[in-house]
Amino acid sequence: MILSCQNISKSFGTDEIIKQASFHIEDYEKAAITGINGAGKSTLLKIIMKELEPDEGTVTIAKDKTAGYLAQNEVVDSSRTIYEEVLSAKQPVIDMEQEIRRMEAEMETVAPEKLEAFMEKYERLVHQFELADGYAYRSEVTGVLTGLGFCEDEFSKKPDELSGGQKTRAALCRLLVTKPDILILDEPTNHLDMESIQWLNYKGAVLIVSHDRYFLDKTVTKIVEVFQHKVYCYPGNYTAYAQKKAQVRAAQLHAYYNQQQEIRHQEEVIAKLKSFNREKSVKRAESREKMLDKIERLEKPVDDMTDIHLQLEPCITSGNDVLDVKGLKKTYDGTVLFENAGFSIFRGERVALIGNNGTGKTTILKIINGMVSADAGEITTGTNVHIGYYDQEHQVLHAEKTLFDEISDDYPNLTNTQIRNVLAAFLFTNDDVFKRIGDLSGGERGRVSLAKLMLSEANFLILDEPTNHLDITSKEILENALVHYEGTVLFVSHDRYFINKTATRILDLHEQQILNYIGDYDYYLEKKDVQRAALKKELQAAASGTDSSLQEVQAAPDMPGQKKESGGRKDWEQQKKEQAAKRRLEHELQKTEARIEQLETEIGELEAEMAKPEVAVISARVMELHTDLKHRQEELEGLYERWEELTNLA
């Protein structure tokens, strides 16, 4: 056990934040703290790091173990470059290196009688330097910086030249090179792109607050949930936690409703007995009342905002061809973001545009919406297409209005309850709805803008990072709304879980080109190396002037979903056929695996039966068992071959 929290409680005034929270983290364990915004997650981390004193309870970190903490919006030294800031975390190693160099310079001048002691000290220092990876610390710093998305030409930048997200990444780099025994992080994935998040795989123990469910699924083995002031621990990743929590809540609801039904039944019996108005019936009613009073009443289990559902309805149905982009090019400050980029989007699709930070994803959305001009290219929207665009920087909100008035003035047909439900889905509850827009933070204004867009009745939603500043519950509400949306969606997001839940297609902005993947984010991960290799081959061929286009690679039967977008009904029908074929293949693979498992069980049972002494002496029974065993083994052999074929095709 590297960290132990026992009976932690914390209140601010009359607001109870955490009550009797207890949990522990084992060495090398990866754990996540989850809960809605405002539940007390960051407060709990600050108590662990001694930045806040608990009202009661104790926090214990194991002896000789170190903890590293990254708060939200961590501040970095503005006087140093990024490289110098991260390198400063290696100051003890730098000091050793300087001392070694100083001693080496003095060696020739040391008196003979002091040389032996001098060399012993020197060798101890060199050994200590080697144990601290002293010969590799500069390459380690460079590796961490590049791994978290910094280019080498950015190493010399100072923090005042960086965005807020880059500052946080620089602070995370500095923390990582210190190699603490337990890494405590407060929402670091908000400022990392997909490749940076994939690179972040710490070897020690980790306690992390994050709303990135895909990241949690791939990395953590324990969920510590802060729910209604209390802490609950669940083994497994986020998906296992969500399933277990749903099962627990279902059991609690079942018990609650059963008890309520029994209470109502008893109350009806009591009322009926009293209505007879006879001595015996009244006594029996009183006896039942006493028994009813002794029942320990179960509270109805309530999840935060589980009764809130957003329903998006487009005003009219668009044509099948929603958007066609051809030959798109954009250059900033002499750097080409993308060139000859093209894709088409069809009615009913939910398309995710992904790519590393700085590749131009948001720029493409702005070009489509006429907010930025393209250097070249053609953009065509289809018949009856009405765009609703979400971009925090360009949403029109009225600073003097309250949140409630902002919604009710634009949508006068909504009831008070409907307005409150929409705002609650985006984390505005109780008296929050009467806050002035001008008093909100940037993230809060973004959430109001997203709420208005969800009500806009547009039939083509274009969303730029819609899940930023949303907690997991709110993300799930938005996901459900988009999945059941009958219009079309194009969105940019780094939230891979959100992409997996909502996207029917992936557009990858890579090497200034758009690569198309007919499937979710997991399918993209499976196929991206092949697709990118094909793109590289095409670019090399184009550079050398040879005619070796990507089309040859895309035509291969074992590469579904690799065709670059060219628009038109044939492409659309081909995509549908490929999706159907993929589903049939997966279904047959599942059936084959299930039959293999069944046969292996049956063969084991037959072999066990034949091994029994009382069976071995009955030749007729042995022959019958042997025949059955042979038939199953032959079927199993054929299934193994078919399974290998299906696996290769998949």
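A residue counts as buried when its relative accessible area is under 20%, as exposed when it is over 50%, and as partly exposed in between (1.4 Å probe, protein chains only). Keep that in mind as we walk through this predicted model, in which local features need pLDDT of at least 70, side-chain atom pairs count only at pLDDT 80 or more, and totals for chains, interfaces and linings use all residues. Residues are numbered from 1 along each chain as its sequence is written, and side-chain values use heavy atoms, with hydrogens and water left out.

Let's start at strand 8, residues 222–227. Strands here are DSSP runs (E, at least two residues), numbered from the N terminus. Six of the six residues of strand 8 are buried, so the strand is largely enclosed by the rest of the structure. K222, V224 and V226 point one way, while I223, E225 and F227 point the other way.

Now look at the partners of strand 8. Two strands pair if DSSP finds at least two bridges between them. Strand 3 (residues 30–34) runs parallel to strand 8, joined by four bridges, and T34 stands opposite E225. Strand 9 (residues 230–235) pairs with strand 8 in the antiparallel sense over six bridges; there, Y234 is the bridge partner of I223.

Between strands 8 and 9 the hairpin has two residues. Q228 is partly exposed, at 42% relative accessible area.

Finally, visit the loop between strand 17 (505–510) and strand 18 (513–517), where Q512 lies. Q512 has a positive phi of about 70° and is not a glycine. With a relative accessible area of 33%, Q512 is partly exposed.
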